Amino acid sequence: LFFSVEGELQDLELVGASFGNQRLEQNMFLVNEAEIQRLAVAANLIVTDNVGLSATLTTRDHEVSDGGVFDGQPLPLLSDVSASLGMSWVDPRFFRVDAGLGYDGEREGFLGGGYELDPTFTASASISKETRDKRWSFGAGLRGILNDTQEIAPGVEQSPITASLSLARRW
């Protein structure tokens, strides 16, 4: 069993978000300064020689810190809590299969509140193959497998399904 704790503090300047071809004054939000504090706790367990389990819980404290009207308000589009569970299976012939479930909590849609985005649940799967000398790794994965669409911002729905291909080289 392996545990890890990770903390992070981010001081941000000129934080904003807009969608599509919106002009700057149509931004969903734009603030001069903000701060994000993040704490993550992870646990990994080796079940057998080739099966492992993992779990991560992340909490965030995020707020506008520019001294303006929205000072102290939470940043939109960021949740206070997220979690993930995962399982990995490794084949002695250098194959690896991963599957996971993720949760991202409720989020404010607008600066100052007034619109709450629902929590999201995701599922992912990937497979990778290493060469015998472990110098090269080839991978493919899918994320957001179980979702049709999800609201990523107020009034903006998108298919969360993403695909990835990877090629990695070790020296």
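A residue is called buried when its relative accessible area is under 20%, exposed when it is over 50%, and partly exposed in between. All views below show a predicted model.

**View 1. Arg96 and Asp98 are joined by a salt bridge.** The N to O distance between the two side chains is 3.0 Å. Arg96 has a relative accessibility of 36% and therefore counts as partly exposed.

**View 2. A salt bridge connects Glu130 with Arg170.** The closest N and O atoms of the pair are 2.9 Å apart. The two residues are 40 residues apart and link distant parts of the chain, with Glu130 in strand 8 and Arg170 in the segment after strand 12 (162-169). Glu130 is classed as buried because its relative accessible area is 17%, a value under the 20% limit. Arg170, at 45% relative accessibility, counts as partly exposed.

**View 3. Glu6, Glu8 and Arg38 belong to one network of salt bridges that share partners.** Within this group, Arg38 pairs with Glu8, and their closest N and O atoms lie 2.9 Å apart. This pair too links distant parts of the chain: Glu8 is in strand 1, Arg38 is in strand 2, and 30 residues separate them. Glu8 counts as partly exposed because its relative accessibility is 31%. The count for the model comes to 6 salt bridges.

**View 4. Glu13 lies in strand 1, which spans residues 2-17.** Is Glu13 buried or exposed? Its relative accessibility is 65%, so Glu13 counts as exposed. Phe3 is 10 residues from Glu13 in sequence, and the C-alpha atoms of the two are 33 Å apart in space.

**View 5. The largest nonpolar core is made of 9 residues.** Its members are Val15, Ala17, Phe29, Val31, Ala34, Ile36, Val64, Leu75 and Leu111. Strand 1 and strand 2 (29-46) are the elements that give two or more residues to this core. Which strand gives the most to this core? Strand 2 does, with 4 residues.

**View 6. The largest pocket has a volume of about 400 Å³.** Its lining consists of 24 residues. Nearest the centre of the pocket are Gly102, Tyr103, Asp104, Thr122 and Arg143. Two or more lining residues come from each of strand 3 (51-64), strand 4 (81-91), strand 5 (95-104), strand 8 (120-130) and strand 10 (150-153). How many residues of each class are in the lining? The lining has 13 polar, 8 nonpolar and 3 charged residues.

**View 7. Strand 8 pairs with strand 5 and with strand 9.** The pairing of strand 5 and strand 8 is antiparallel and runs over 10 bridges. In this pairing, Phe95 has Lys129 of strand 8 as its bridge partner. Strand 8 and strand 9 (residues 136-143) are also paired in the antiparallel sense, over 7 bridges. Here the bridge partner of Ala125 is Leu142, in strand 9.

**View 8. Strand 8 and strand 9 form a hairpin.** There are 5 residues between the two strands. Lys134 lies in this loop between strand 8 and strand 9. What is the phi of Lys134? Phi is near 60 degrees, a positive value in a residue other than glycine. Lys134 counts as partly exposed because its relative accessibility is 41%.

**View 9. Leu77 and Gly72 are placed in the loop between strand 3 and strand 4.** Leu77 is not a glycine, yet its phi is positive, at about 70 degrees. With a relative accessibility of 21%, Leu77 counts as partly exposed; the limit for buried is under 20%. Gly72 also counts as partly exposed, because its relative accessibility is 41%. Gly112 is 40 residues from Gly72 along the chain, and the C-alpha atoms of the two glycines are separated by 9.5 Å.

Key
Residues numbered from 1 in each chain as written. Predicted model: local features only at pLDDT ≥ 70, side-chain atom pairs only at ≥ 80, totals over all residues. Heavy atoms only, no water. Buried < 20%, exposed > 50% of the residue type's maximum accessible area, 1.4 Å probe, protein only. Core = buried A, V, L, I, M, F, W, Y, C linked by side-chain atoms within 4.5 Å. 1 Å grid on protein atoms, 1.4 Å probe; cavity = no way out; pocket = protein on both sides within 12 Å on 5 of 7 lines; lining within 4 Å. Points joined across faces, edges and corners; volume = space filled by probe spheres on them. Nonpolar A, V, L, I, M, F, W, Y, C, P; charged D, E, K, R; others polar. Pairing = 2+ DSSP bridges. Salt bridge = Lys/Arg side-chain N within 4 Å of Asp/Glu carboxyl O.
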